[in-house]
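Here is a short report on selected local features. Keep the sequence and the 3D view open as you read.

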Amino acid sequence: MMSYLDSLLKKRGLKECLLPLWKLKITEEEFKELRELLEKQTHVMSMCNNPFITLSKECTLFFAEYWRRLYVDGKHSKQMVYDALESTRHNVNLCDEFYEAARRGARLLKIEKYDGGRADPLNDMLYQGGLPMKLVTANVSNSVWDRFTRGLVNRKYNFEELNLGLVASQSRCLRDYCEQLILGIEAEQFMLMPFYCLNENDTWYMYLKELAKQEKIRRSQLHPYSLFWEFRIDNVEKKIYTKYIVKGAQRLPKEFLEEHGLTNVTFFSVQVRRNSQAIDTFDYANNFCRYAVVSKHPYTNGDYISLFLHNQEEPYIADNLDMTVPHLLCRNKDGKYELGNQIGKQESMLLIPEGWIVDDSCTLDVQEYSWGETTLHGILIPSDYTNNILVKGDDGAITFGMNAPLYWTEMQSNPLYVPDVIEPVYNADKCNFSLCFDTEDGTESKRRPVQYRNKWQKEWMDSPSYGELYARAIDVNGNYVTPLRFVNIGDGLVISLQKADKDSCQIRVTWPHGHVSTTEGEKKIGDVWEIKKENCRDPRLIRFCFTPDGNSQNQFFLSIKAPFKDFSIINIYGDEILDNCWIPYSDVDKYQYHIVGQDIKEYKYGNIKRELRWKSDKLYIIEDGRSLKHIPYEGSLLTLFDSRETLRALLERTSQNMINAEVRVQFTLSDGKKISFSIKDSPFRPRQLENGQIIITGNNKRPIKFNGVLKLIKLSEPELDPVEMSYDEDLQMYILPETIREWGKTILIGRTRGRICPSLVDLTRDMDGDYRAKNRETAISSIQKDLQESVLGNDFWKRTLGWFYRSQKDDIPASSILELLCTAQSYKSLLCMAFQLYVKCSNTEERDLLKAQLKSFSDDLAFQWYWIQPYLDGMFAQLYSFIDNLTSIPMQEIYIKWAMTKEERMNELLSALGNSEMYMQNIGQCINEFLTSFTSWIKELCIESLIDCY
């Protein structure tokens, strides 16, 4: 007679039982039959005193199924499994017999056994069922099982956290179950789940699929900023060029704000720095940055890139590119390369530094490339390449291939805060490290112990030495792990200024772990060094050599800011600013002040008066006779103004639009000398000369040094991609490209935001002052006429909306675009523009983003949306003059968007587009619903703009 288990196998077309047992995917009906079968055995009188012995394999199966289906709480016991049979023979407890039969079945089935110090057959049988799904899907916030499940759908699971014992931590059965569950969730295929699902409406499946979606959103929300590298490879000149790219979100997720204590901060800045100096800063007002958060600049060997949030001293992101180890790149759609393994899918490039050798099994050509002053070897890998490439070095061998995961070390600690030192330095004893590796869903990291060596050592050590070190996380499987490089100075470094004049200074440098020296100065008594400016290779810094005790080979150099007596303000090119110049608001934190050996009698900005005074060899900001704070003798100019928020508030308090607003700043030195400048948005003006020549001017139309990339945008078609124009170093100016001649009137802007005031250029004619003034007057008159005759979606509005989107994308002041300037002068035009932008939004998130964009638009043009509130009742009457006819293409587009929201009637409503009578019956409801929601939304905008203002 066929056993019940055999019948289950036959039903599945199996000759042998699948292991682990969860692979059988027992149905709800089959489990019910199994329980009833075993419950009946509790009423059987057996000659061998064990009524379950003939159903031993079925008993084993029940233990596994009980664990996955029914277990919810309590210590694992054979009794709880027996009780789940729900025997009606209450006066007899056959728990021991049931358990012994199950153990016999486990031996017959040859299930996975724990091979530790003591056998654990109970858990061996339970874990054959996989995971206890009632706990996995319980949704108890922040519980152990909730954290485990959220980790699970993120491909990270930690059995140790569950306290299930050593069997669980070492169980292949449980790990396979988890992998299969992840596979089913990611593929969104209920049939791939490791348990039986009748269809996609299975409760467990639906819960896990939805949780995975939530976690994907949450992952992106908790990490809204990223740093990566872009490589341009010139295969003709055999040169490699690199840029670093930092990207972030314009509106930050609530979860991120909560995690970093920014929820109640109405204004904060995020700053990108290169080698401790500010490169780009992004302002968030009410958690919105009005321009795209992208910082993209050339990267040179040794640069250290970091991103700082608000006023935090430690970076949120910090990294450099270590090219002393091989790097695998993949080609993107723009023809550039980025780090990543796409061998067999995309064209790739393997960069190999000196000291590494490509194994002879590789048949691809190895060519020599230059990366700055560094020589690298490169292998171009075609997209259809499927073999592995083995590269060998002193620390081991790395396999690069389609299915070869890469392992590397990341540091989870921030550099030490040493404001006088330019390079990042660390105390290795207080650093944490992680082992990172590729997965199908990105990367995964795990905290791991590390080993260290310096560049002169061959053997890895468990404790760090001082100086430049390599650290590598330990992989238990013996895979090669790429180390990271950093400078370990330990603790105890002291740097203090003793005295200074404009030509020399004395600095005390003490380091308890070795010897300090410099070729740029002479040592005096007590670790004091006298430095003369004329002996410095760079008068802004002094290079000191640190030699660790007992390890002279591992000496390293640090750059200390030079404290020569002086007061100066340095621009982004390293030049002193001229008196009465303009400084872009966006660059305030990039300009540097330097003050040593003298006081600033007074400096004024807005209605604020302060002074800078030395006390006991320390520099203080003084206001109303009291010390506000101690500051370094050299640093960001922004330090003297507290924050960007202070300056932004002063700019916005003027009655001028953003192009004309300015903050006047004046310094009065102790000798009576004065230095003045103004802080402005987009202060620099392009000026067109003959033959398409362009120079950049500052205050009083004085030519200034500026060599950033400019952009050209066709005036009549702002939606076209801009043409970029680089600085001509030979001619020391810009030359308009002939390709824009056919455009006629063209808008010129800066690629980097906040520096260049948009300007009109035209290759077909001279652009003198008289023509510009006359052209502006004519253009405004023409635009006002176009506005009066405009209807929804016509050419005027296409161009105007195009400029709105372009101004948001490229941070162009709205007041510099005449279409936007004229639109803002009429409440009806503003309502029409806002309505057309509103109907293009598909969800709440897009509508919230539009609110923030419209608020920055009004800030640029010095008006408040609240002013139009009296005109919001009767919205149809306000917009009626802009509606040409209800069957126009723009109205049909609005109708289609509305119909798409009506799920049950969608097909019916869309089919009405081909039936004018049905369409006219429905368009009224469409307009009414859109206008009702738009009215409510724009009223919210009016209130919020008033609150933000006051």
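Predicted model: local features only at pLDDT ≥ 70, side-chain atom pairs only at ≥ 80, totals over all residues.

A search of the whole structure turns up zero disulfides. Cys178 is in no disulfide: the nearest cysteine sulfur belongs to Cys173 and is 9.5 Å away. A disulfide needs two cysteine sulfur atoms within 2.5 Å. For Cys289, the closest cysteine sulfur is that of Cys841, at 19 Å, so this pair is too far apart for a bond. Cys178 is buried, and Cys289 is buried. The table lists the relative accessibility of some buried residues.

| Residue | Relative accessibility |
|---|---|
| Cys178 | 0% |
| Cys289 | 0% |
| Met891 | 4% |

**Helix H3.** H3 spans residues 56–69, which makes 14 residues. From its first C-alpha to its last, H3 reaches 20 Å. That is close to the 20 Å expected at 1.5 Å a residue. H3 is mostly covered, with 13 of its 14 residues buried.

**Helix H14.** Which residues of H14 are buried? In this helix (residues 644–652), they are Arg644, Leu647, Arg648, Leu650 and Leu651. They lie on the same side of H14, because they cover an arc of only 160° around the axis. In general, an α-helix has 3.6 residues a turn, so residues three or four places apart point the same way. What covers the buried residues of H14? Strands are part of the cover, including E3 (267–274), E4 (277–285) and E33 (600–605). Strands E38 (662–669) and E39 (674–680) are also included.

Strand E14 (residues 389–393) runs antiparallel to E15, and five bridges join them. Leu390 stands opposite Thr399 in E15. Strands of a sheet pair through backbone hydrogen bonds.

**Met891.** This residue is found in helix H21 (residues 889–899). Is Met891 buried or exposed? Met891 counts as buried, because its relative accessibility is 4%, under the 20% cut-off. Leaving aside neighbours within four places in sequence, Met891 is in contact with Leu792, Ile883, Asn885 and Leu886, among others. Its contacts also include Tyr919, Ile923 and Ile927.

How values were computed: Residues numbered from 1 in each chain as written. Heavy atoms only, no water. Helix = DSSP H or I, 4+ residues; strand = E, 2+ residues; numbered from the N terminus. Buried < 20%, exposed > 50% of the residue type's maximum accessible area, 1.4 Å probe, protein only. Contact = heavy atoms within 4.5 Å. Arc of directions from axis to C-beta. Pairing = 2+ DSSP bridges. Expected span 1.5 Å × (residues − 1).
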